[in-house]
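Please keep the sequence and the 3D view open as you read.

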Amino acid sequence: MKFVFLNILLSFIAFISSSKAQNAIDLDIRISKEVNVLHFVDHLSQWSPYTGDDAVVLYTSEFSMSKEDSLMLELYKINREQLGWESEINLFNWADHDYDFSLIDDSVKYEYQAIKLVVDYFLQRKTSKKSLKEILNNKFKKLESLKPDIISYTAELESMFTEIDPYLKVWKEDLNFSHYPIYICYSHKENSSHGGANGDGVYSEFDVIAGRDFIEIGFGIITHEITHKVTRVGETILDMVQADSTYPEKAIRFIKKYNLTTDKLVEILKSRDPNGFGNPEYKVFEEVYVYFISPVLIHQYSDDKIADKKKHYEAKSQLELARIWHGVSLFKEELQNLDSQNLDKDILIWQLIEIYYEEIYFPNYQ
């Protein structure tokens with residue numbers, strides 16, 4: 001009888017362990033020398049104004065920009081523009097797989113070949129005293145030296161995401177964090193960094209001069225962007241609004257209160273703030289919620305800090321960002337006491353839509 005009980009106990013422990021493993025949030029952190037080189041050349045080319053000039057400052061501090069350099073960067077720029085921003089993580093994945101052309105679709109193979117040609121050219125760039133390859137290798141070694149601390153912080157972050165799981169599953173039940181690679185790059189200039197989520201993944205630059213002190217700041221970009229990826233808040237509210245045959249009573253009351261229709265509400269969500277950055281309202285709604293998750297919930301922003309953010313952007317006349325931080329304060333007030341045990345997700349989402357319409361939507365924003 002003891003053996004039977006022991007077997008049952010071991011089976012139960014195994015089941016619990018298995019369930020935890022299935023529910024665990026696994027972040028796919030990647031630190032790749034090849035990706036960092038490609039990222040450097042990508043920003044050196046300044047193919048987009050959003051790349052900034054950090055890589056140019058680094059390069060021209062060590063090398064004079066030759067005529068051949070300029071021609072190669074122009075070749076890169078022309079082909080990179082053809083691919084656009086959404087190809088960024090695809091390019092990173094390709095570099096991470098040793099530039100394997102068998103992974104590339106024939107329709108863009110010419111552009112990828114041109115990009116590889118330019119990357120190879122700059123890796124050979126040298127003077128009698130220095131080489132770009134050596135300079136970049138040294139920066140990568142500094143990034144690698146931070147790897148134990150990055151992995152340790154990643155474990156903390158995975159735990160944080162697990163703790164706030166109910167806030168994420170409001171939007172999507174199956175949260176597949178591991179589907180999105182997270183690339184860590186070294187910054188090209190001290191006290192400056194870039195990051196983004198262009199394509200199916202995320203990247204963030206870490207200031208390797210600042211070292212360990214910058215790890216949490218570098219992960220700030222990652223937590224925000226990966227939340228966008230796994231929740232897809234904007235798409236969810238568009239789908240809900242367009243599924244008018246399944247509106248809960250809460251939604252019907254809201255629709256009647258403001259004399260709206262499904263078509264009108266969709267039109268509102270797709271409209272753009274003339275004083276904003278050109279984003280549709282459903283994307284601004286998503287930004288409000290994601291900022292509530294990260295940094296507010298994860299990094300525990302106080303109400304005063306949220307208010308300061310709003311004032312900061314108002315002073316700079318960046319009204320879309322001011323609206324977003326105003327919205328964050330309202331969403332926080334609504335969500336901070338979330339009861340995950342008795343949660344009706346549809347009703348909660350419609351409550352947030354109503355708050356958004358009444359106080360955050362640009363014609364109604366005070």
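Of the 366 residues in the protein, 48% are buried, where buried means under 20% relative accessible area, exposed means over 50%, and partly exposed lies in between (1.4 Å probe, protein chains only). This is a predicted model, in which local features need pLDDT of at least 70 and side-chain atom pairs count only at pLDDT 80 or more, while totals for chains, interfaces and linings use all residues. Residues are numbered from 1 along each chain as its sequence is written, and side-chain values use heavy atoms, with hydrogens and water left out.

Now the overall view. The C-alpha trace spans about 75 × 75 × 45 Å along its principal axes. The protein has 17 helices and four strands; these are DSSP runs numbered from the N terminus, with helices being H or I of at least four residues and strands E of at least two. Among the contacts with a separation of 6 or more, 71% are between residues 24 or more positions apart, a contact being heavy atoms within 4.5 Å.

Aspartate 28 gives a local example. Aspartate 28 is found in strand 1, residues 28–30, and is partly exposed, with a relative accessible area of 22%. Leaving aside neighbours within four places in sequence, aspartate 28 is in contact with Ser178, Tyr180, Pro181 and Ile182. Glycine 196 is 168 residues from aspartate 28 in sequence, and the two are 16 Å apart in space, C-alpha to C-alpha.

Next, follow helix 8 and two of its partners. Helix 7 (residues 132–145) packs with helix 8 at an angle of about 45°, and their axes are 5 Å apart. Axes here are lines fitted to C-alpha atoms, for helices over the stretch in contact, and angles run from 0 to 180 degrees between N-to-C directions. Helix 7 and helix 8 are therefore oblique to each other: angles under 35 degrees count as roughly parallel, over 145 as roughly antiparallel, 65 to 115 as roughly perpendicular and the rest as oblique. Leu143, Glu144 and Ser145 of helix 7 meet Lys147, Pro148, Asp149 and Ile150 of helix 8 in this contact. By class, the residues of this contact are three nonpolar, one polar and three charged. Ala, Val, Leu, Ile, Met, Phe, Trp, Tyr, Cys and Pro count as nonpolar, Asp, Glu, Lys and Arg as charged, and the others, Gly among them, as polar.

Helix 8 (residues 147–163) also meets helix 10 (residues 215–231): their axes come within 11 Å and cross at roughly 40°. Helix 8 and helix 10 are therefore oblique to each other too. On the helix 8 side, the contact is made by Asp149, Ile150, Tyr153, Thr154, Leu157 and Phe161, and on the helix 10 side by Ile215, Glu216, Phe219, Thr223, Ile226 and Thr227. This contact has seven nonpolar, three polar and two charged residues.

What about the aromatic rings? The structure holds 28 aromatic pairs. Rings of Phe, Tyr and Trp (its six-membered ring) pair if their centres lie within 6.5 Å; planes under 30 degrees apart count as stacked, over 60 as edge-to-face and the rest as tilted. One of the pairs is edge-to-face, with tryptophan 171 and tyrosine 289 at 5.1 Å centre to centre and 75° between the planes. Tryptophan 171 lies in the loop between helix 9 (165–169) and strand 2 (181–186) and tyrosine 289 in helix 14 (residues 281–297), so the pair ties together parts that are 118 residues apart in sequence. Both tryptophan 171 and tyrosine 289 are buried. They belong to one aromatic cluster, formed by Tyr167, Trp171, Phe285, Tyr289, Phe292, Phe331 and Tyr356.

Finally, look at the backbone. Most residues other than glycine have a negative phi, and most peptide bonds are trans. Serine 294 and proline 295, however, are joined by a cis peptide bond, with omega about 20°, and proline 295 is in helix 14. Tyrosine 99 is not a glycine, yet has a positive phi of about 55°. Tyrosine 99 lies in the loop between helix 5 (88–96) and helix 6 (109–123) and counts as buried at 12% relative accessibility. Glutamine 300 also has a positive phi, near 55°. Glutamine 300 is found in the loop between helix 14 and helix 15 (303–315) and, at 68% relative accessibility, counts as exposed.
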